[in-house]
Amino acid sequence: MKLNFILFLSSTRAGKSYTGNGSWGERVGKLVKDRVVAAGHNVSVWDPRVLKFPLLEQPVQMIPDKSTIPQWIIDRQTEIQEADGFLTCVGEYNAAIPPALVNMIDHFPPAAFRHRPCGIFTYSMGSGGGIRSQMPVKAFLTEMGMITVPATVKFDFVHKKFNGETDELIDTDMVKYVDRVVNETIWYAEAMKNHKEAKGLPSA
């Protein structure tokens with residue numbers, strides 16, 4: 001069974017810093033995407049630096065005149081509704097969830113995400129590996145209708161896990177930890193897809 005996943009990135013950081021070029025989340029995201037593809041599934045990457053969602057004023061479900069919603073937003077909502085599961089790479093901005101991730105997801109109604117699993121990968125340049133953003137993002141994703149899988153991965157000292165110039169993964173042990181979350185998310189996605197096809201969705 002070939003599944004469709006959406007991978008949410010969270011950072012809008014760009015350019016060169018003393019630890020290398022660009023966003024560490026982009027490197028984590030590429031590793032996650034590569035492992036899902038290696039498992040035989042499709043991944044669509046939602047990068048807030050690329051998609052450039054505007055600062056949220058009204059989510060789509062609260063806009064009275066639907067004809068005013070840009071077509072690209074409607075297309076993205078359709079993509080969410082057709083996805084079998086989700087993955088998210090979450091940085092830690094001052095012990096909180098990166099605002100670009102919240103802004104991006106909040107454009108859509110919780111009903112669009114419901115009854116699908118979500119795997120979480122956190123990262124930071126410190127020893128916590130983004131652990132302080134893990135619990136808030138679990139609560140946020142659950143509120144948006146997703147079911148977060150039990151396994152998680154944190155990339156502590158993320159700038160030491162990858163080469164900042166070539167993007168090459170240095171700490172190859174991280175592959176097995178990423179695979180654990182990827183495989184568990186795939187398992188939940190397959191199980192939930194099969195059950196929905198057999199039994200339908202629960203009544204409101």
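**Ground rules.** I number residues from 1 along each chain as its sequence is written. Because the model is predicted, I take local features only at pLDDT of at least 70 and side-chain atom pairs only at pLDDT 80 or more, while totals for chains, interfaces and linings use all residues, and side-chain values use heavy atoms, with hydrogens and water left out.

**Sheet.** I looked up the strand order first. Five strands make an open sheet, β4-β1-β5-β6-β7, with parallel pairing. At the edges I find β4 (42–46) and β7 (147–155); each has a single partner strand, so one side of each lacks a neighbour in the sheet. Neighbouring strands are turned by 20° against each other on average, direction ignored. Strands here are DSSP runs of E, at least two residues, and helices are runs of H or I, at least four, numbered from the N terminus. Two strands pair if DSSP finds at least two bridges between them.

**Strand β1.** I then followed β1 (residues 4–8). Five bridges tie β1 to β4 in the parallel sense. Asparagine 4 has asparagine 42 of β4 as its bridge partner, and phenylalanine 8 stands opposite tryptophan 46. Towards β5, β1 has four bridges, again parallel. There isoleucine 6 faces phenylalanine 86. Four of the five β1 residues are buried, so the strand is largely enclosed by the rest of the structure. Buried means under 20% relative accessible area, exposed over 50%, partly exposed in between (1.4 Å probe, protein chains only).

**Aromatic rings.** I counted ring pairs next. Rings of Phe, Tyr and Trp (its six-membered ring) pair if their centres lie within 6.5 Å; planes under 30 degrees apart count as stacked, over 60 as edge-to-face and the rest as tilted. The count is ten aromatic pairs. In one of them, phenylalanine 155 and phenylalanine 162 have ring centres 6.2 Å apart and planes at 20°, so I log the pair as stacked. Both phenylalanine 155 and phenylalanine 162 are buried. Ring pairs also join Phe8, Trp46, Phe53, Trp72, Phe86, Phe108 and Phe113 into a cluster.

**Charges over rings.** Last, I checked Lys and Arg; a charge sits over a ring if NZ of Lys or CZ of Arg is within 6 Å of the ring centre and within 35 degrees of the ring normal. The charged end of arginine 76 sits over the ring of tryptophan 46, 5.2 Å from its centre. Lysine 160 lies over the face of phenylalanine 157, at 5.2 Å from the ring centre.

Notes. Axes are lines fitted to C-alpha atoms, for helices over the stretch in contact, and angles run from 0 to 180 degrees between N-to-C directions.
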